[in-house]
Amino acid sequence: MQAEVKGSTMPILEVSLGQGEQVVSTHGELAWMTQSIQMSQTANAGGGGGGLMQGLKRAVGGGGILLTRYEGPGAVTFAAKVPGHIMPVDITPGQAYFVHRHGWLCGTQGITPSVGMQQTFRGGVYGGDGFVLQKLAGQGRAWIELSGELTTYDLPPGQTLLAHPGHVGMFQGSVQFQITRMRGIANAFFGGDGFHLVALTGPGRIWLQSMPLAILAHALMPYLGGGGDAAKAAGAGAAGGMIGDMLRG
């Protein structure tokens, strides 16, 4: 198997598979592939465990109940959904990674994706999804999509970094995390729950992303129409409608 990330601002991941080699992804991540690739769906990524319960855990974590398996020979390509980066991560037994809701692009057989954490906020700044993490365990290589520019920190034991939930891209399983509510900063924008941050405590490495999709969508809302006279005026036109349809899926 050979994998190459191509491009810069909107990268793609091209995976060349030999006879019998496989890569799995959440349904819908495919961009294009050669005709010789064989596609099938499975509830088990090959990392131990499977069936309906494992599929439900994946769905809660932002994936799907079923995974799509691509088997060579041939080539299959996955594309980034927003400007950013596609990066490989090698996962070994006992060393899991936590990734933002839509971060897992694809992986080799042996990767086990499931839900790592889910919490809902009433504030609209989080895009209505709250804070949802996927947990990637097992053994193999996974490719992760992170949006915008990336910053990494290696936290020593006991050191804590507070981050906006949307900017948390990925972190090693050794990092402890919890939601922290910042009282006294509650208004109509953040909702009655106040302002939430994620407390990440070392040891371990964390990856922070500069342009979360939910925050990008929130920033574009005034220009897409449907939110009052000013918003309707700004969002008028075919371009605004097309962008709005894309963000709503």
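This note sets out numbered points on the sheet, the cores, the salt bridges and a surface patch of the structure.

1. Basis. The model is predicted: local features need pLDDT of at least 70, side-chain atom pairs count only at pLDDT 80 or more, and totals for chains, interfaces and linings use all residues. Residues are numbered from 1 along each chain as its sequence is written, and side-chain values use heavy atoms, with hydrogens and water left out.

2. Sheet. Six strands form an open, antiparallel sheet in the order β5-β6-β3-β10-β13-β8. Strands are DSSP runs (E, at least two residues), numbered from the N terminus, and two strands pair if DSSP finds at least two bridges between them. The edge strands, each pairing on one side only, are β5 and β8. Neighbouring strands are turned by 25° against each other on average, direction ignored; the axes are lines fitted to C-alpha atoms, and angles run from 0 to 180 degrees between N-to-C directions. Within the sheet, two bridges join β3 (residues 22-26) to β10 (residues 104-108), and Val24 stands opposite Gly107 in β10.

3. Cores. A nonpolar core is a set of buried Ala, Val, Leu, Ile, Met, Phe, Trp, Tyr and Cys residues joined through side-chain atoms within 4.5 Å; buried means under 20% relative accessible area, exposed over 50%, and partly exposed in between (1.4 Å probe, protein chains only). The largest core has 15 residues, of which Trp104, Leu136, Ile144 and Met170 touch the most other members. Strands β8 (84-91), β9 (97-100) and β13 (140-147) each give two or more residues to this core. A second, separate core of 14 residues includes Phe98, Met117, Val198 and Ile206.

4. Salt bridges. The whole structure holds five salt bridges, each a side-chain nitrogen of Lys or Arg within 4 Å of a carboxyl oxygen of Asp or Glu. In one of them, Arg141 and Asp90 have their closest N and O atoms 2.7 Å apart. This pair links strand β13 to strand β8 across 51 residues. Both Arg141, at 33% relative accessibility, and Asp90, at 45%, are partly exposed.

5. Network. Glu29, Lys81 and Glu145 are linked in a network of salt bridges. Between Lys81 and Glu29 the closest N and O atoms are 3.5 Å apart. Lys81 lies in the loop between β7 (74-79) and β8 and Glu29 in the loop between β3 and β4 (30-33), so the pair ties together parts 52 residues apart in sequence. Lys81 is partly exposed at 41%, whereas Glu29 is buried at 15%.

Methods
Helices (H or I, at least four residues) and strands (E, at least two) are DSSP runs, numbered from the N terminus.
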